[in-house]
Structure formats: C-alpha cells, structure tokens
Amino acid sequence: MSDQKHAPTSRSKPPPAGEEEAGAVLKLGEFQDVDTLTLSEASLVINALMAKRRKDRKDRNETDALNQTLDYLDAFARFKAKENVEAVERLLSTHKELSKFERAQIGSLCCDTADECKTLIPSLADKISDEDLQELLDELEKLL
C-alpha cells in the first residue's frame, strides 16, 4: 500500500438537486437575485433576436428546441405589443417590496384576483396587501 496523498479536487461538490423552491419562502439558489423576465418580455427579446438573425442571414442555428420555445411563448405570453410589455415592466418595477422573480410571475400569470395570485405565488402572502395586489392586477388587466 502506498501512502500517497491525492490533491484535493479543483471544484466543490454541487448542491443536491431540488434545493430551489418557489414556495412560501423563495429559495432560488444561484438565481435568487437574477433579473427575471415575464413570458411576454422573453418573447419580445427572442423574437427580436431571431428577426435580426434572419435579416443578417445567420439563421442556421434555429433548433427544434428554439422553435418550440417560440411556439410556447407565442401561446402563453399575455402581452403582445412592445409598448404594453414595456408598460407592464414599468408598473411591476415600482413594487420594490417584491422580488424580481415574484414580479415576473405576476406579469406572466395575469391572475384575476389577489387571492388567486397569492395561491399561485405563495411567497407574496406577507409582502403585499390584498388591496395593493388587486390594484396592481387591475392595472395589468388594462394593458391586455
């Protein structure tokens, strides 16, 4: 037997899968403070990028996954007009008490009531009153 010591590994062990959770307490791991897009914003960005690539004739990289993503965003992005997408972002960004993730979820889900919104986004429970949330949802509804 040899008494050779091995050098320590060069990278740390990754955290176990499933540590991220969007429940009553947000546990987003490395994505905790990352800018988050609504589905409408993602649609706007990806479609603009694809239009530029097609114009520049660099559309060789259109994969099935990209096309499926675009189809998904076309189906579920609630705000279609660029002006409305920008207005939604401005409106949501005024609510600094909410995390970026929560604001993006509100802008993507477009719930009808504060109760529905808090059921789907449990971390909102103690961050915003039902009245303030309903007012925000009503303003979003006007932009649809």
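The model is predicted, so local features need pLDDT of at least 70 and side-chain atom pairs count only at pLDDT 80 or more, while totals for chains, interfaces and linings use all residues. Residues are numbered from 1 along each chain as its sequence is written, and side-chain values use heavy atoms, leaving out hydrogens and water.

Helices are DSSP runs (H or I, at least four residues), numbered from the N terminus. The expected span of a helix is 1.5 Å times one less than its number of residues.

| Helix | Residues in helix | End-to-end C-alpha distance | Expected span |
|---|---|---|---|
| Helix 1 | 17 residues | 24 Å | 24 Å |

In helix 2, L66, L70 and L73 are buried (under 20% relative accessible area; exposed is over 50%, partly exposed in between, with a 1.4 Å probe and protein chains only). Seen down the axis, the buried residues of helix 2 fall within an arc of 65 degrees (taken from the directions from the axis to the C-beta atoms), so they line one face of the helix. The face turned away from this buried side carries the exposed residues D64, Q68, D71 and A75.

Helix 1 (39–55) is part of what covers the buried residues of helix 2. The buried residues of helix 1 are S40, E41, A42, S43 and M50, and they pack against helix 2 and helix 3. Contact means heavy atoms within 4.5 Å. S40, E41 and L44 in helix 1 meet K82, V85 and E89 in helix 3.

Just after helix 1, R57 takes a positive phi of about 60 degrees.

Methods. Helices (H or I, at least four residues) and strands (E, at least two) are DSSP runs, numbered from the N terminus.
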